[in-house]
Amino acid sequence: MALHKIKDFNPDYKEHFGDREIKGLDVYAADEKIGSVDDVLVDDEGRFRYLVINTGAWIVGKKVLLPIGRAQVDDNAKRVYATNLTKAQVEALPEFTNDLIVDYDHEERVRGVYRDGSMPLQQDVSSIGGAPTMGTVTMDRDTYTYDREPDLYGMNDQNGSTLKLYEERLVAGKTRQKTGEAVISKHIETETATASVAVEKERVVIERMPVSGSTATMPTTGTDAFKEGEVARMDVYAEVPEFHKEAFVREEVKVSKVVDTENATAQEQLRREELDVNIDGQPIVEKNI
């Protein structure tokens, strides 16, 4: 059966695990950190078969396969515990590379290290699926199935169980939405205005004045007397008013926004899960609660 990197098998694989990411989790053997999860290998049906462990500084630069049955994931601690994994096993394991195609032979080399001689390639037929016939069957590349080695590939957690208690929390958030708009524009109004200007006009004043004194008693001897057609000319001017319109800036209007802050509050009924412990018989139960 072919093996696939989990992201190649399903790019959206995290959706099936509540958006949890197993890649990148620290890996511990006992209380010692030995590396981190580099990738996950699944079979054609999407079942977890191996964790790819980058051993980091434990064994510099080496990546190895850890059968899923030998891994215990602690969601709370964000850790993976490699059950009974030893440094000698890691040193004996074949190295995994990103371009490696994991075939049956490579898996057998991996399984051989974890079996540690405790499980041969033959099994009692009666122990497989409750078969009624006694005897042995040889497991090879054509007949091998992962369910025959639950110690390596079983997903059951035999070392404990985690029960998660959930509670609701009132989380305050905010979104920005449009509540209206202000449109500022101009229009023209008309009014009647009055302007005035002082203008000057010239007029001709004709005055007759009697002659007195010696001028009145002395005869005229000149040749200016009695000339017909004699005229006096005088230009007369007047100022003419002129009115026109000009545009001036009356005032400036500045448009801007200010932000006012106010507190919004809400009240909701929140649910919380509490632990119920029902005891049947007289078991010894240590409550560390």
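Two strands are taken to pair if DSSP finds at least two bridges between them; helices (H or I, at least four residues) and strands (E, at least two) are DSSP runs, numbered from the N terminus. The structure is a predicted model, in which local features need pLDDT of at least 70 and side-chain atom pairs count only at pLDDT 80 or more, whereas totals for chains, interfaces and linings use all residues. Residues are numbered from 1 along each chain as its sequence is written, and side-chain values use heavy atoms, with hydrogens and water left out.

The protein chain contains five helices and nine strands. Of its 289 residues, 21% are buried (under 20% relative accessible area, with exposed meaning over 50% and partly exposed in between; 1.4 Å probe, protein chains only).

Strand β4 (residues 48–54) has two antiparallel partners. Strand β3 (residues 32–42) is joined to β4 by six bridges in the antiparallel sense, and the two form a hairpin with five residues between them. Within this turn, Gly46 adopts a positive phi of about 85°. On the other pairing, β4 and strand β5 (residues 63–67) run antiparallel over five bridges. Asn54 of β4 is the bridge partner of Ser36 and is also partnered by Lys63 in β5. Six of the seven residues of β4 are buried.

Val204 lies in the loop between α4 (150–153) and α5 (214–217) and is partly exposed, with a relative accessible area of 44%.
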